[in-house]
Structure formats: C-alpha cells, structure tokens
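Let's take a walk through this structure, one spot at a time. Have the sequence and the 3D view ready.

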Amino acid sequence: MELNETVIVVTGGGSGIGAAMCRRFAAERPRHIVVVDRDAAGAEATVAALTETGIGATAVTLDVADAEQTEDLIARTRADHGEIDLFCANAGIGSAAGIDADDRVWESMWQINVHAHVIAARALLPAWLDRGRGYLLTTASAAGLLTNLGDAPYSVTKHAAVALAEWLSITYGDRGITVSCLCPQGVNTPLLFGDADGALATEVVKAQRILEPETVADVVAAAVADERFLILPHEEVAGYEQARAGERERWLRAMRRMQAGLDGR
Ligand code: NAD
C-alpha cells in the first residue's frame, strides 16, 4: 500500500518500535498519524518529531486493552481525519515470568498482547469491509513463531497474536483487508533493556542479533509497500521456524540446552 495521503494509527507509538514506525511512515507523506500510547509524554514526543517534519499528527493517551477507549479512538479519528487506512496494533508488554506468574499478570498479558488486537479489528472491520479496503498490522514477535525462554505469558500471548493475524488474513484477505504480522527478535528498546515492569529480556534474547528500531521500521515500510503478511526483520527467524516445524523433537532439545545454559546447569 502507498502511504502517501493516508490516515495511520500506531499504538505503542510513544516508544521503541512504534515511535520508529511513526517516524518512518512520515517519510511517505501520510495525511495524518495518530500516535497512541498509555504514556502521554512518549506519545507527545513522537508527535513533536512528526510535526517537525510537517506531518499532521495527534497524540492520544489510552489503554489499548480498554474496548470503549479504543472504539472512541477509532470513531474520533474517522470523524476528524476520514477513514483509517493503516492501523498498527503494536503496543505490547513482557513479563519475564514463568508458569507461576500471578493470574493478574497472565490476564494483562492476554489483554494487551492479544485482546487489544481483537478489540481494534472488531471496531475497524465493518467500515473497512463496506469500502472493500483496510490494512491491519499487528506486532507479535519471533516469540510467537518460536518461544521466549523465561517468559511463558509472552510466548503464549505472542503465539495467539500470530494466530489471530493469520485468521484475519485468511477470513478477510479476499474482501480487501490486508493483514501483516511483525515478528522481530531482539530490538533495542526499553521493552528489552528497561528495568521497568513489563520488561522482557533473558540473557539469551539479549545475546541475539539486536536491531535498532529504525532498522525494523525500514523493514516494516518495505513490507507494507509490498503488502506482505509475515514481517521478519531478523531474516534468520524463517530458518528457525522451519527447523521447529520440520524437526520438533530436535528443536525442543536445542531449546532445552539453551534453557539449561540460562539456568547455569
Ligand atoms: P517499548 O516498551 O519501547 O514500547 C511499547 C509501548 O507500548 C510503550 O510506549 C508503552 O507505553 C506502550 N504500551 C504498553 N502497554 C500499553 C497499553 N496497555 N496501552 C497503550 N500503550 C501501551 O517496546 P517495543 O520493543 O517498542 O515494543 C513494541 C512491540 O514490539 C510490542 O508488542 C513488543 O512485544 C514487540 N516486540 C518487541 C521486541 C523487542 O526486542 N523490543 C521483539 C519482538 C517484539
């Protein structure tokens, strides 16, 4: 899809990959970018950077897991700027927790990493299907194709995010709806290296080839231009996924060896 003169919404646009996508999309001269984040200062900072390039941009502070707030965001964007051409459901969190993570942690991981995509798709699809056009880009993770050592809720919810993106693409792809699913490995953002709640990061993730968010955003822009479903900024992930699918027992053994290394066994 050509992004020139389009209306774009990016959730999690106040930091990391989302902020870099906003800045990269601005180079394509869209009509307006709505930068959504629960962190108001982050969203405002991205809007300031976009405004400097002459792109119309608005910051919206909300929780993507709140259906009413997301429905309101979509309705207001449509009223103020016209139909949304590209919606990037990118906000996400990690837990750095195992199976014994508190149920509240499991629930918020589910809500933010998966259900927020359901909420957005439900609100976007009716008008998109009527006009026969719409583009939903969701950010999952390579953890959604493989696993994330040390983070059970992250691995499970990112697999669900990939499954949802595939389901939407299969169900609506012939009716004008384009879906892309972004699945990076390590990217140099606060999610990976921060010490705040929701940071990810096992030593194995940090030992991977870490990309800058700007590099990921360049790959995203190229994939959106081509309307490609699976976006793999780390190309090696395609091989890992094939190895997992082709020889599951061997892949599990290799992952256990990595886990043992992490555990110091
Ligand atoms: P980040 O922490 O830099 O940015 C995430 C942004 O999402 C933050 O600004 C945060 O405030 C916002 N956010 C979180 N929960 C929210 C909520 N409920 N409502 C509104 N905003 C919310 O992290 P990032 O690395 O840029 O992460 C972006 C996406 O990329 C996430 O979905 C993440 O899982 C995914 N991802 C990241 C990596 C990595 O290594 N950084 C790898 C694979 C996938």
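A polar contact, as the term is used here, is a pair of N or O atoms within 3.5 Å; within protein, one of them must be able to donate a hydrogen and the other to accept it. Keep in mind that what you're looking at is a predicted model.

With that in hand, find glutamate 83, which sits in the loop between α3 (67-81) and β4 (86-89). Its side chain makes a polar contact of 2.8 Å with the side chain of arginine 78. Leaving aside residues up to four places away in sequence, glutamate 83 also has Val7, Ala127, Trp128 and Arg131 among the residues it touches.

Arginine 131 is worth a stop of its own. It pairs up with aspartate 85 in a salt bridge, where the closest N and O atoms are 3.2 Å apart. This pair ties together distant parts of the chain: arginine 131 belongs to helix α4 (residues 103-131), while aspartate 85 lies in the loop between α3 and β4, 46 residues apart. The structure holds 14 salt bridges.

The crossing of α1 past α8 is right-handed. Where they meet, α1 brings residues including Ile17, Ala20, Met21 and Phe25, and α8 answers with Pro213, Val216, Ala217 and Val220, among others. Sort the residues of this contact by type and you get nine nonpolar, one polar and four charged.

How values were computed:
Residues are numbered from 1 along each chain as its sequence is written. This is a predicted model: local features need pLDDT of at least 70, side-chain atom pairs count only at pLDDT 80 or more; totals for chains, interfaces and linings use all residues. Side-chain values use heavy atoms; hydrogens and water are left out. Helices (H or I, at least four residues) and strands (E, at least two) are DSSP runs, numbered from the N terminus. Contact means heavy atoms within 4.5 Å. A crossing is left-handed if the near helix is turned anticlockwise from the far one by less than a right angle, and right-handed if clockwise. Ala, Val, Leu, Ile, Met, Phe, Trp, Tyr, Cys and Pro count as nonpolar, Asp, Glu, Lys and Arg as charged, and the others, Gly among them, as polar. A salt bridge is a side-chain nitrogen of Lys or Arg within 4 Å of a carboxyl oxygen of Asp or Glu.
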